[in-house]
Amino acid sequence: MRRIAHLSDLHFGRTDPAVLEDLKRAVMATRPDMVVVSGDLTQRARTAEFRQARDFLAALPKPQIVVPGNHDVPLYNVFKRGLTPLSRFTRYIGKQLSPFYADGEVAVLGINTARAFSLKSGRINRSQVKKACANFGPLPASVIRVVVTHHPFAVPESGTHRTIVGRAKMAMEAFGDCKVDIVLSGHLHVSQAITSETLYAGPHAALLVQAGTASSTRRRDETNAFNLLRLDGLRVDVERHDWEDGGFIVACRQRFQRRPTGWVQQTKAA
């Protein structure tokens with residue numbers, strides 16, 4: 001079994017200190033085998049914010065797969081935005097914009113969907129998708145393949161958010177061919193776990209899992225939250241941990257089963 005703690009949208013520069021301390025304790029308590037952060041570590045991509053994010057991540061377990069979000073690109077410094085949009089991210093968080101980890105049970109690849117001249121929206125291109133499938137291609141069929149992006153491939157079932165990553169259909173078709181199992185995303189500050197078959201046709205149904213904002217005061221339709229995924233061969237359990245005064249609690253659990261054609265949901269959120 002592998003446990004993956006999935007955090008997103010930390011937004012250092014707009015964090016709630018009480019939530020942040022509870023978050024650190026809660027993540028450690030889940031005893032994750034890996035920590036994934038799906039973008040927006042900072043609010044305005046300032047040096048001080050990246051340093052705070054770096055120090056926070058240093059206190060969490062390794063290995064870690066961390067990708068940037070649109071907020072990690074400078075907004076007001078036009079020259080830096082155009083010439084070196086992610087230089088602070090690569091300096092303080094990680095040099096690789098496509099980090100990759102694999103062992104005998106799970107393989108996780110980060111993909112950068114943030115773009116210098118898109119203030120909010122994101123995009124994935126054919127080169128990134130081709131690289132992802134090349135990384136997963138040699139792996140045994142039993143290994144669960146996970147992609148991490150900031151911008152999501154699905155919108156929440158409720159709410160008014162309608163932004164998905166650009167070229168999502170192209171990417172999901174290719175991911176189906178190379179049997180990507182799970183896509184972890186953020187951006188919308190709303191949690192969700194669904195199968196892709198209702199949105200994308202293809203030979204292999206993936207899980208599309210979104211995390212809310214783990215620590216920001218910029219909450220939208222839900223409280224601060226993070227996900228814990230329990231990967232056990234042919235089964236994945238997705239837990240959403242919500243913040244309440246005094247700490248994070250398990251708010252819901254969903255179970256998905258692996259079939260030859262991909263993943264199907266066994267239990268609804270409860």
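In this predicted model, helix H6 (residues 168-177) is largely enclosed by the rest of the structure, because seven of its 10 residues are buried. These buried residues are Ala-168, Met-170, Ala-171, Met-172, Ala-174, Phe-175 and Gly-176. They pack against helix H5 (126-136), strand S6 (144-148) and strand S9 (207-210). After H6 comes Lys-179, which has a positive phi, near 55°.

The structure also contains an open sheet of seven strands. Their order is S3-S2-S1-S10-S11-S12-S13, and the pairing is mixed. Strand S3 (64-67) and strand S13 (262-267) form the edges of this sheet, each pairing on one side only. From one strand to the next, the twist averages 25°. In general, the strands of a sheet pair through backbone hydrogen bonds, either parallel or antiparallel. Strand S10 (residues 225-232) and strand S11 (residues 235-244) pair in the antiparallel sense, over eight bridges. Within this pairing, Arg-230 has Asp-237 of S11 as its bridge partner.

Helix H1 (residues 17-29) packs on the sheet. The strands that H1 touches are strand S1 (2-7), strand S2 (34-38), S10, S11 and strand S12 (247-259). The direction of H1 makes about 45° with that of S12.

Gly-247 lies in strand S12. With a relative accessible area of 12%, Gly-247 falls under the 20% cut-off and is therefore buried. When neighbours within four places in sequence are left aside, Gly-247 is in contact with Asp-22 and Asp-242. Gly-247 and Leu-20 are 227 residues apart along the chain, while their C-alpha atoms are separated by 9.9 Å.

A search of the whole structure finds five aromatic pairs. One of them joins Phe-50 and Phe-89, whose ring centres are 6.5 Å apart. The planes of these two rings stand at 80°, so the pair is edge-to-face, given that planes over 60 degrees apart are counted in that class. Phe-50 belongs to helix H2 (residues 47-58) and Phe-89 to helix H4 (residues 87-92). The two residues are 39 apart, and the pair links distant parts of the chain. Phe-50 and Phe-89 are both buried.

Note on methods. Residues numbered from 1 in each chain as written. Predicted model: local features only at pLDDT ≥ 70, side-chain atom pairs only at ≥ 80, totals over all residues. Heavy atoms only, no water. Pairing = 2+ DSSP bridges. Helix = DSSP H or I, 4+ residues; strand = E, 2+ residues; numbered from the N terminus. Axes fitted to C-alpha atoms, helices over the stretch in contact; angles between N-to-C directions. Contact = heavy atoms within 4.5 Å. Buried < 20%, exposed > 50% of the residue type's maximum accessible area, 1.4 Å probe, protein only. Phe/Tyr/Trp six-rings, centres within 6.5 Å; stacked < 30°, edge-to-face > 60°.
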